[in-house]
Amino acid sequence: MHALLEELGSAASAALVKAFGAEGVPPSLVFEPSPRADVQCTAAMQLAKALRKPPRDLAAAILPSVLAHPAVEKAEMAGAGFINVTLRDAWIAEHLDDALTHRPVGAGQTVVLDYSSPNVAKPMHIGHIRSTILGEAMKRVLRAVGYTVVADNHLGDWGTQFGKLIVGWRRYLDRAAYERDPVGELLRIYVKYSEEEKAQKLALGAPVKEGDDDDAPLPAQAPALLLEARAELVKLQAGDPENVALWKQFVDVSMAEFDRTYKRLGVSFDEVLGESFYNDMLAATVDELLEKGIAEHSQGAVIVTFTKERDGEAMPPMLVRKADGGFLYGTSDIAAMRYRMGRWSPSRILIVTDERQQLHFRQLFAVARRLGVPARLEHVWFGLMRLPEGTFSTRDGNVISLESLLDEAEKRAADVARSLNADLAEAELAEVARVVGLGSVKYNDLSKDRQTLITFTWDKALSLQGNTAPYVQYAYARIRSIQRKVAELGAVPGPLVALEPTERALVMTLLRYPLAVEEVAMSSRPHALCDYLFELAGAFSSFFNDCPVKDAEPAVRAARLTLCDRVATVLRRGLDLLGIEVVERM
RNA sequence: GCGCCCGUAGCUCAAUGGAUAGAGCAUCGGACUUCGGAUCCGAGGGUUAGAGGUUCGACCCCUCUCGGGCGCGCCA
């Protein structure tokens with residue numbers, strides 16, 4: 001399909017050049033699939049002004065070059081200058097396998113993909129799932145189109161929370177609870193610490209603001225607990241053996257739990273380079289920024305300022321070194337960028353985080369431009385997930401754990417599967433529940449534009465009807481069922497023959513698969529692939545309704561078997577790119 | 001106060017400069033003595049928050065207003 005679109009585009013361009021001269025004519029005009037026609041071109045209207053010709057005259061000049069293409073059955077002008085192209089059935093049939101081939105648009109290029117990035121000592125909750133699921137889908141899609149992808153889990157394994165955690169550990173630890181559920185106990189002592197600190201603040205008469213802001217400038221009367229936490233943090237940063245050992249333990253038990261979750265989700269990374277990995281590069285990073293005149297001293301700290309003239313937009317300053325000499329996450333992000341450029345020379349760096357960090361990354365990327373970083377830098381941000389009653393707060397403990405979400409999803413999928421298919425044995429039913437439940441949770445996140453703000457409700461997150469993973473998985477299972485039945489008759493796939501309307505529509509939908517994948521790779525919007533797969537599954541369901549396979553005459557049956565095979569392959573591969581599995585029966 | 005993002009059918013969402021704004025859910029009505037009904041076909045439902053502007057053409061780009069979310073130097 002790509003090749004055809006390009007051939008039509010350059011032929012059309014040549015025709016315009018021949019008729020009206022080369023001035024203002026791009027080397028290839030855009031042809032694309034359209035609901036109105038197999039392929040449509042709107043270039044005549046776009047070029048009318050530049051060529052100072054009526055758009056319909058341009059379209060008329062283009063038409064013969066389109067008609068001359070052997071794939072084209074019919075091409076006609078419509079409306080203001082649209083060109084609608086109908087393709088020959090024979091061409092469509094011959095190019096069926098194009099649906100299975102991606103253009104290697106990323107070949108020879110590397111992408112660093114930073115996603116998931118949970119914070120150590122906190123369990124993953126449903127707010128973490130989007131970064132993880134989106135990132136994993138992007139990894140798979142980028143690889144499918146030829147990129148070398150470095151999947152990097154930029155773990156939140158450093159920062160002021162460790163001072164608090166160490167204080168909490170010393171004061172509140174329940175050793176037995178820790179043995180049973182290390183991360184759960186770490187969360188408990190962190191919450192406990194926060195409550196105590198808050199109580200002390202109130203006792204001092206200090207205002208207590210909402211949110212994670214208690215590292216703001218110390219009030220004159222700081223809570224004793226906070227002073228203690230800061231002291232522990234300083235010791236940790238100075239390499240105090242005891243605190244370092246504790247910190248390392250926190251990281252290890254957290255990572256063990258993250259790994260269990262990742263395994264369950266089918267997510268994997270090439271690197272786990274947390275913030276702490278960059279610690280010993282921070283001083284040099286700031287020095288370099290100062291030397292190059294990018295950063296400057298201000299009120300004892302080191303900051304980078306941004307102006308509209310130099311950076312394209314005015315932004316608040318970015319702090320890279322505190323007055324006390326400490327560094328911030330922005331510093332380590334700059335260091336991480338330098339490290340990634342040096343180690344992998346990527347052409348793109350994608351960072352998947354929630355929307356709250358937009359300003360931070362615009363600042364970071366502005367710094368990168370001043371440093372001369374040549375890669376395309378993309379903040380792949382997504383809308384915050386929230387509960388109907390408001391945002392999550394780990395500290396307040398009003399979270400729904402990722403594990404409980406997945407458990408509930410499997411349970412609901414099992415209930416449905418049991419009621420609809422009594423033939424499934426317990427073991428197979430459990431597998432169906434796992435695949436369908438997990439798929440529905442992932443698809444729920446992936447199928448919406450990532451910038452959409454999601455208000456979590458169980459029924460929405462775990463819906464099994466409509467535009468959901470099970471709908472697509474069900475289409476796949478039905479094809480497999482047909483294939484099993486027809487195989488018993490000894491029938492084998494054969495060449496496509498005359499196409500019924502729903503068959504033709506199905507093939508045309510199949511041919512768009514590589515375009516959909518490429519779009520996701522370039523725009524970092526996986527929901528486009530969900531939309532495509534939903535459409536393909538729908539096109540198959542219509543075909544299934546209209547066109548019998550098993551009872552068709554042999555040549556037709558063979559052709560339809562081929563169609564079934566290609567649809568099953570695309571559904572399975574497409575879902576796999578989203579990190580979603582299929583089952584043979586459900 | 002300044003900035004970013006969002007606002008599309010009753011609800012959840014598509015459409016990222018192309019024609020008459022599309023799906024799912026819900027509602028109503030059909031299909032099939034089922035190659036798997038987790039299906040298919042159809043109907044109703046829209047001033048794309050509002051007002052201006054740019055364009056041959058605007059949900060999409062620009063300006064303003066309203067509403068919601070988020071952020072804004074010593075947390076991450």
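**View 1. Asp 97 and Arg 566 bridge distant stretches of the chain.** In this predicted model, Asp 97 makes a salt bridge with Arg 566, and the closest N and O atoms sit 2.5 Å apart. The two partners are 469 residues apart in the chain. Asp 97 belongs to the loop between α4 and β5 (110-114), while Arg 566 is part of helix α22 (residues 554-577). How exposed or buried is each end? Asp 97 has a relative accessible area of 38%, so it counts as partly exposed. Arg 566 comes in at 17%, which makes it buried, as the cut-off for that label is under 20%.

**View 2. Arg 88 reaches Glu 73.** Here's another salt bridge, with the side chains of Arg 88 and Glu 73 meeting at 3.6 Å, N to O. Arg 88 lies in the loop between β4 (82-87) and α4 (89-94), and Glu 73 lies in strand β3 (residues 72-78), so the contact ties together parts that are 15 residues apart in sequence. Arg 88 is partly exposed, at 35% relative accessibility. Glu 73 is partly exposed too, with a relative accessible area of 47%.

View 3. What distance, N to O, goes with the salt bridge between the side chains of Arg 418 and Asp 415? It's 4.0 Å, and a salt bridge is counted within 4 Å. Both residues sit in helix α15 (residues 402-420), and because they are 3 residues apart, about one helical turn separates them. Arg 418 is partly exposed, with a relative accessible area of 42%. Asp 415 is partly exposed as well, at 38%.

**View 4. A network of salt bridges links four residues.** Which residues are linked in this network? They are Glu 136, Lys 139, Arg 140 and Asp 576. For context, the salt bridge count comes to 48.

**View 5. The second largest pocket lies between domain 1 and domain 4.** About 760 Å³ of space lies in the second largest pocket. Why does this pocket lie between domain 1 (2-87) and domain 4 (414-577)? Because both domains give residues to its lining. There are 27 lining residues, and those nearest the centre are Glu 32, Pro 33, Ser 34, Arg 512 and Leu 515. Elements that put two or more residues into this lining are α1 (2-20), β1 (31-34), β2 (37-41), α19 (501-511), α20 (513-523) and α21 (527-546). The largest share comes from α21, which gives 5 residues. Sorted by class, the lining of the second largest pocket has 13 nonpolar, 5 polar and 9 charged residues.

View 6. The hairpin of β1 and β2 has 2 residues between the strands. How do β1 and β2 run, and how many bridges join them? They're antiparallel, joined by 4 bridges. The pairing of β2 with β4 is antiparallel and runs over 3 bridges. As for burial, 5 of the 5 residues of β2 are buried, so the strand is largely enclosed by the rest of the structure.

View 7. How much volume does the largest cavity have? About 60 Å³. Its lining is made up of Ile 129, Met 385, Leu 405, Val 441, Asn 444, Asp 445, Ile 454, Phe 456 and Ala 461. Helix α16 (residues 426-446) gives 3 residues, the largest share. By class, that lining has 7 nonpolar, 1 polar and 1 charged residues. The count of cavities of 30 Å³ or more comes to 3.

**View 8. Chain A is divided into domains.** The domains are domain 1 (2-87), domain 2 (114-157 + 241-400), domain 3 (159-238) and domain 4 (414-577). Domain 2 is written as two stretches, 114-157 and 241-400. What distance separates the centres of domain 1 and domain 2? Taken over C-alpha atoms, it's 45 Å.

Conventions
Residues are numbered from 1 along each chain as its sequence is written. Chains are lettered from A and ligands numbered from 1 in the order in which they are written. This is a predicted model: local features need pLDDT of at least 70, side-chain atom pairs count only at pLDDT 80 or more; totals for chains, interfaces and linings use all residues. Side-chain values use heavy atoms; hydrogens and water are left out. Buried means under 20% relative accessible area, exposed over 50%, partly exposed in between (1.4 Å probe, protein chains only). On a 1 Å grid over the protein atoms alone, a cavity is a set of points where a 1.4 Å probe fits but cannot get out, and a pocket is an open set with protein on both sides within 12 Å along at least five of seven lines; lining residues have an atom within 4 Å of a point. Grid points are joined across faces, edges and corners, and a volume is the space filled by probe spheres set on the points. Ala, Val, Leu, Ile, Met, Phe, Trp, Tyr, Cys and Pro count as nonpolar, Asp, Glu, Lys and Arg as charged, and the others, Gly among them, as polar. Domain bounds come from an automatic or database domain assignment. Two strands pair if DSSP finds at least two bridges between them.
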